[in-house]
2 protein chains.
Amino acid sequence: MNEKQWIEYLKKHVSCFEDVIGIGDDSAVLPDGTLISTDTFVEEIHFSRKWASWRLIGRKACEATISDIAAMGGKPLWLLANLSSSESGGVADELLHGILECGIPLIGGDTTSSQKGAVTLTLTVLGKTERPVLRSGAKTGDRIFVSGKLGGTQAGLLSLQKGLNLFECEKRFLEPRARLDISESWGALATSMIDVSDGLSTELNHLSEASKKRFRIDISKLPCFSEIEKTGREAAELILESGEEFELLATSNFNLPGGFEIGVVEDGHGVYDGLNEILPRGYDHWS
Amino acid sequence: MNEKQWIEYLKKHVSCFEDVIGIGDDSAVLPDGTLISTDTFVEEIHFSRKWASWRLIGRKACEATISDIAAMGGKPLWLLANLSSSESGGVADELLHGILECGIPLIGGDTTSSQKGAVTLTLTVLGKTERPVLRSGAKTGDRIFVSGKLGGTQAGLLSLQKGLNLFECEKRFLEPRARLDISESWGALATSMIDVSDGLSTELNHLSEASKKRFRIDISKLPCFSEIEKTGREAAELILESGEEFELLATSNFNLPGGFEIGVVEDGHGVYDGLNEILPRGYDHWS
């Protein structure tokens, strides 16, 4: 069962509530506008000590988690951290420092032993919004925006692996930031929104599927890190699959402040650049 | 760093909020009365497939988690489930069935791969109460109550290990239930409350320390499973250390309905039976 199948499975089995927006969006939305989202990070699956300190790993995990609140147009308010580790002391201490750096108050959590060498961190974030932006609201004629340059995470990992010294991209890989600076202003204007955590091609398909619309984008308009040319990879390909960017992808019939316009919403289905269909091809670049 | 040290560490570092009851109680309490609690369960640390199906493991984990809401006098409303597993399909499916049996709507979660053989389940529960009952409210002269028979979990595990056929206790070990049936009525009357997840001796000490009072109990009054005599263990000892009972332990100057009165709150500190001090000695009986 992959993640998509699991979500489909959950949707089928979990239908006993009608006043909550639950499984399938970036965060669940409770009747009072509370947002809640949770992410699990497993050593050597989601992160590696090869590239980053525990502090950076904690910070990145935290940014990834609060990015799900940003993706709904919300403001993160409280955090819980669960840690399983076979080591005591240092790991927890350093991870915690990274988490606290995000500035969201930590109000609870759990700590347990784990089997040797398998550190698992689960973060849960509570937030609030008066207008949750779902994936399903894109309208025909809306324009499609992305909030910043893409491709940096994947290029940064390649740079570290090959010793390319692409420092801007390495920083993006190691120290990405959730777009809390714009999430509320975009949330007030957007018809649909998501964060680029699984790669732009995947996220475009998520919005297109949930909104039942065709997304027509112009690949030549995608904003990207200039350093990615030096990776030897084809730029457009790398931009489309680079995950953990945590930029926002949104549709709106307004100009989204600071956004890069990359396409338009049409009747139909699928994601296209001209005649070429863009299929989801993101994968987990943190592994 | 053990759990107590970690909690102390967190308390020291996490002081940037004043309107939340955070780390140190069974659940965090948000300004609007929302309760939130989270627990992590690791294979071969908190549970073993030797005694239980994935469905029973999921159900027990769920009862343990919602018991933290019961311990605050609250009502559990929503649940999130995070699963890390190296196997696909069956484990998630069966665990989910156990979780759904608890009857609390599942509104989110995460699923990830894990290293081989290390299934990790994190459950997060949101609840509500108008009157959160903390650990720190016991008053001199209050009486001490426990909501049901104790010792069954530990006796049940011994029974399974030794083939003693103590079926009532085995059922308690495999299928404990959070006391949602009484949590709200006790919550309206109690001055302090906790659930017996780490053993009665440990929980009594938690209340005594948080309330800065002496807890004087009468060990001969502790309600227990009759089968525990057949384990060969000294009954009082086993009752005091048996965890994962999920009965409620509370103080009040009212009669708590259905409760067993086991002692009284006095000025001073520590937990005593006559002149004998009762030190915390619970441990994780699920391992």
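Glu63(A), leaving aside its neighbours within four places in sequence, is in contact with Cys102(A), Pro176(A), Arg177(A) and Ala178(A). In this predicted model, the residue is part of helix H2 of chain A, which spans residues 54-70. Its relative accessibility is 4%, under the 20% limit, so Glu63(A) counts as buried. One of the contacting residues, Pro176(A), is 113 residues away along the chain, yet the C-alpha atoms of Glu63(A) and Pro176(A) are separated by 7.1 Å.

Among contacts in chain A with a separation of 6 or more, 83% are between residues 24 or more positions apart.

Thr34(A) belongs to strand S2 of chain A, residues 34-42. With a relative accessibility of 8%, Thr34(A) is also classed as buried. Residues up to four places away in sequence aside, Thr34(A) touches Ala28(A), Val29(A), Leu126(A), Gly127(A) and Lys128(A). With Lys128(A) there is a polar contact between the side chains, at 3.3 Å.

Next comes a pair of helices in chain A. Two packed helices are described by the angle between their axes and the distance between the axes. Helix H4 (residues 152-162) and helix H5 (residues 167-174) of chain A pack at about 110 degrees, and their axes are 7 Å apart. An angle from 65 to 115 degrees counts as roughly perpendicular, and H4(A) and H5(A) therefore fall in that class. On the H4(A) side the contact is made by Gly152(A), Thr153(A), Ala155(A), Gly156(A), Leu157(A), Ser159(A) and Leu160(A), and on the H5(A) side by Cys169(A), Glu170(A), Arg172(A), Phe173(A) and Leu174(A). Sorted by class, this contact of H4(A) with H5(A) has six nonpolar, four polar and two charged residues.

In chain B, helix H4 also covers residues 152-162, and eight of its eleven residues are buried, so the helix is largely enclosed by the rest of the structure. The buried residues are Gly152(B), Thr153(B), Gln154(B), Ala155(B), Gly156(B), Leu157(B), Leu158(B) and Ser159(B). Helix H5 (167-174) and helix H8 (235-241) of chain B are included in what covers them. After H4(B) comes Gly163(B), with a positive phi near 65 degrees.

Most residues other than glycine have a negative phi. Asn165(B), in the loop between H4 and H5 of chain B, has a positive phi near 60 degrees. In chain A, Lys212(A) has a positive phi near 55 degrees. Lys212(A) sits in the loop between helix H7 (200-211) and strand S8 (214-217) of chain A, and its relative accessibility of 67% makes it exposed.

Chain B also has strands to follow. Strand S3 (residues 75-85) and strand S4 of chain B run parallel and are joined by seven bridges. Ser85(B) has Ser113(B) in S4(B) as its bridge partner. Six of the eight residues of S4(B), which spans residues 106-113, are buried, so this strand is largely enclosed by the rest of the structure.

A separate description applies to an open sheet of seven strands in chain B, ordered S7-S9-S6-S10-S8-S11-S12 and with mixed pairing. Strand S7 (192-195) and strand S12 (276-277) of chain B are at the edges; each has a single partner strand, so one side of each is without a neighbour in the sheet. At the S12 end, strand S11 (residues 271-273) of chain B and S12(B) pair in the antiparallel sense over two bridges. Tyr272(B) has Glu277(B) in S12(B) as its bridge partner. Helix H7 (residues 200-211) of chain B lies across S6 (143-146), S7, S8 (214-217), S9 (248-252) and S11 of chain B, and runs at about 150 degrees to S7(B).

The loop between S8 and H8 of chain B holds Lys221(B). Its relative accessible area is 48%, so Lys221(B) counts as partly exposed. Beyond residues up to four places away in sequence, Lys221(B) touches Glu261(B) and Ile262(B). Ile262(B) is 41 residues from Lys221(B) along the chain, and their C-alpha atoms are separated by 5.5 Å.

Key:
Residues are numbered from 1 along each chain as its sequence is written. Chains are lettered from A and ligands numbered from 1 in the order in which they are written. This is a predicted model: local features need pLDDT of at least 70, side-chain atom pairs count only at pLDDT 80 or more; totals for chains, interfaces and linings use all residues. Side-chain values use heavy atoms; hydrogens and water are left out. Two strands pair if DSSP finds at least two bridges between them. Helices (H or I, at least four residues) and strands (E, at least two) are DSSP runs, numbered from the N terminus. Contact means heavy atoms within 4.5 Å. Axes are lines fitted to C-alpha atoms, for helices over the stretch in contact, and angles run from 0 to 180 degrees between N-to-C directions. Buried means under 20% relative accessible area, exposed over 50%, partly exposed in between (1.4 Å probe, protein chains only). A polar contact is a pair of N or O atoms within 3.5 Å; within protein, one must be able to donate a hydrogen and the other to accept it, and residues adjacent in sequence count only if both atoms are side-chain atoms. Angles under 35 degrees count as roughly parallel, over 145 as roughly antiparallel, 65 to 115 as roughly perpendicular and the rest as oblique. Ala, Val, Leu, Ile, Met, Phe, Trp, Tyr, Cys and Pro count as nonpolar, Asp, Glu, Lys and Arg as charged, and the others, Gly among them, as polar.
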